[in-house]
Amino acid sequence: MGGFNSYGITQLEYDRWRQLNGKPIRDLVEIENQEVRAIYQMHWQDGDCGRHLSPLDVACLDSAVSFGVPQTKQLLANLPTDPTEAALEVVSRRELLRRSQLRPPLTPGKQLALRDGLRRDRILADLVADLPTQVIPSPMPEAVSPLPTAALSAEQIYSKIKPVTVEVWNSSHQGIASTAAGIILSPDGLILTNHHVVERNPSPSVKLADGRQFRGTVTSFDPELDLALIQLKRVNGLPITPFATSTAQVKVGDRVYAIGSPRGESWKMSSSQVIELNSTCANGTSPLRCIRTPDGFLQPGNSGGPLIDGSGQVIGVNRAVQQSTGEGVSIPIETIQDFLAKRMGPPHLIDPLPRRSRRWF
């Protein structure tokens with residue numbers, strides 16, 4: 001019961017979280033990515049980590065997960081004003097705290113826990129030393145909203161999502177320019193789009209809704225999921241996409257919206273209704289779960305752009321049109337979360353799948 005996994009979550013904490021959510025207790029080794037994300041989000045909010053600048057916000061979150069919110073508040077008291085210095089000071093305090101809590105008898109289990117904890121502290125120290133100091137609050141509370149919000153008008157949804165939607169420009173080998181879409185993940189210009197949008201162009205041009213244009217670099221991609229990340233150069237202070245936590249609240253028949261640049265019409269919004277939530281759609285040989293929408297809703301130029309629910313939250317990324325029916329398919333937020341959870345490691349580069357008979361945007 002006292003053990004913890006690589007995420008820093010203990011068995012006791014996992015048991016408590018599952019009980020709070022009306023779920024039976026189970027072994028920590030069976031924890032799912034969605035549960036890890038929900039537990040981290042809970043600590044982020046309870047620890048009020050969003051009020052700190054990066055990288056202190058990261059140290060706050062990891063400390064809340066590792067030590068609990070009350071202990072974290074003590075770790076974060078009376079820190080230097082510089083966020084990086086403050087984060088490193090938190091790491092130093094964590095190491096001292098771990099050693100002070102190690103009381104005899106020094107059993108092998110206690111020694112192992114101390115060693116693992118100190119290793120986690122060193123990893124955190126390396127991470128915060130590499131992270132840039134932000135001049136704006138961290139985006140996590142907005143990026144993953146755990147509470148349902150009221151329905152918005154189409155005009156309100158457009159005003160909310162247009163600023164976080166971008167155009168991704170590509171040129172074919174004939175020199176013809178084409179546009180797709182993407183969505184902003186971080187203030188420093190991390191963009192999410194489809195892999196097929198950038199598979200032939202590792203340095204696409206990205207245009208923001210305010211008219212500015214930047215050169216980007218593809219930093220991570222997964223052809224099987226058809227997702228990719230683009231990092232813009234020399235940009236900061238961008239708005240970020242308000243993601244839904246899951247698609248659990250979405251039902252067949254619900255109205256959804258898309259913003260993209262279909263057929264050259266920049267930042268055009270269209271709307272339709274969900275016709276299937278758990279559709280199986282294939283990318284090459286890999287079956288994927290997709291959200292399906294009627295013929296005509298998605299068109300060339302929508303690829304990589306947001307699928308939005310009636311509350312103005314992004315529930316997926318638009319992906320393709322099924323050739324046989326003309327129906328649109330979109331990648332749900334759960335798949336996106338799994339993809340993003342892996343991006344903190346080394347670049348996730350996978351050899352592209354061979355092209356098959358598919359109709360991409």
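Q: How many helices and strands are in the chain?
A: This is a predicted model. Its secondary structure consists of helices and strands, and the count is 10 helices and 15 strands.

Q: What percentage of the residues of the chain count as buried?
A: A residue is buried when its relative accessible area is under 20%. The chain has 361 residues, and the share of them that count as buried is 49%.

Q: What share of the contacts with a separation of 6 or more is between residues 24 or more positions apart?
A: Contact here means heavy atoms within 4.5 Å. Among the contacts in the chain with a separation of 6 or more, residues 24 or more positions apart account for 63%.

Q: How are helix H1 and H2 oriented to each other?
A: Two packed helices are described by the angle between their axes and the distance between the axes. For H1 (residues 11-20) and H2, the axes are 11 Å apart and the angle is about 90 degrees. Angles of 65 to 115 degrees count as roughly perpendicular. H1 and H2 are therefore roughly perpendicular.

Q: Which residues make the contact of H1 with H2, and how many of them are charged?
A: On the H1 side the contact is made by Glu13, Tyr14, Trp17 and Arg18, and on the H2 side by Glu35, Ala38, Ile39, Met42 and His43. By class there are five nonpolar residues and one polar residue, and the number of charged residues is three.

Q: How do H2 and H3 lie relative to each other?
A: The axes of H2 (residues 33-46) and H3 (residues 56-67) come within 9 Å. They cross at roughly 115 degrees, and H2 passes H3 in a right-handed crossing. The two helices are therefore roughly perpendicular.

Q: Which residues of H3 does H2 meet?
A: H2 takes part through Tyr40, His43 and Trp44. The residues of this contact divide into five nonpolar, one polar and one charged.

Q: Which two residues form the disulfide?
A: A search of the whole structure finds one disulfide. A pair of cysteine sulfur atoms must be within 2.5 Å to count. The sulfur atoms in this pair are 2.1 Å apart, and the residues are Cys49 and Cys60.

Q: Why is the disulfide of Cys49 and Cys60 given a hand, and which hand is it?
A: The hand follows from the torsion about the S-S bond. For Cys49 and Cys60 this torsion is about -75 degrees, so the disulfide is left-handed.

Q: Where are Cys49 and Cys60, and are they buried or exposed?
A: Cys49 is in the loop between H2 and H3, while Cys60 is in helix H3. The two are 11 residues apart. Cys49 and Cys60 are both buried.

Q: Which residues are joined by a cis peptide bond?
A: The bond has an omega of about 10 degrees. Pro55, one of its two residues, is in the loop between H2 and H3. The residues joined are Ser54 and Pro55.

Q: Is Asp226 buried or exposed?
A: Asp226 is found in the loop between strand E6 (213-222) and strand E7 (227-232). Its phi is near 60 degrees, a positive value in a residue other than glycine. The relative accessible area of Asp226 is 1%, so Asp226 is buried.

Q: Is Arg234 buried or exposed?
A: Arg234 sits in the loop between E7 and strand E8 (243-244). Phi of Arg234 is also positive, near 55 degrees. Its relative accessibility is 78%, so Arg234 counts as exposed.

Q: How far apart in space are Thr247 and Glu334?
A: Thr247 is in the loop between E8 and strand E9 (255-260), and at 5% relative accessibility Thr247 counts as buried. Among the residues that Thr247 touches are Arg289, Ile315 and Glu334. In sequence, Thr247 and Glu334 are 87 residues apart, and in space, C-alpha to C-alpha, 7.5 Å.

Q: How many of the nine residues of H10 are buried?
A: H10 covers residues 333-341 and is mostly covered. Its buried residues include Ile333, Glu334, Phe339 and Leu340.

Technical notes: Residues are numbered from 1 along each chain as its sequence is written. This is a predicted model: local features need pLDDT of at least 70, side-chain atom pairs count only at pLDDT 80 or more; totals for chains, interfaces and linings use all residues. Side-chain values use heavy atoms; hydrogens and water are left out. Axes are lines fitted to C-alpha atoms, for helices over the stretch in contact, and angles run from 0 to 180 degrees between N-to-C directions. Helices (H or I, at least four residues) and strands (E, at least two) are DSSP runs, numbered from the N terminus. Angles under 35 degrees count as roughly parallel, over 145 as roughly antiparallel, 65 to 115 as roughly perpendicular and the rest as oblique. A crossing is left-handed if the near helix is turned anticlockwise from the far one by less than a right angle, and right-handed if clockwise. Ala, Val, Leu, Ile, Met, Phe, Trp, Tyr, Cys and Pro count as nonpolar, Asp, Glu, Lys and Arg as charged, and the others, Gly among them, as polar. Buried means under 20% relative accessible area, exposed over 50%, partly exposed in between (1.4 Å probe, protein chains only). Lists of a residue's contacts leave out its neighbours within four places in sequence.
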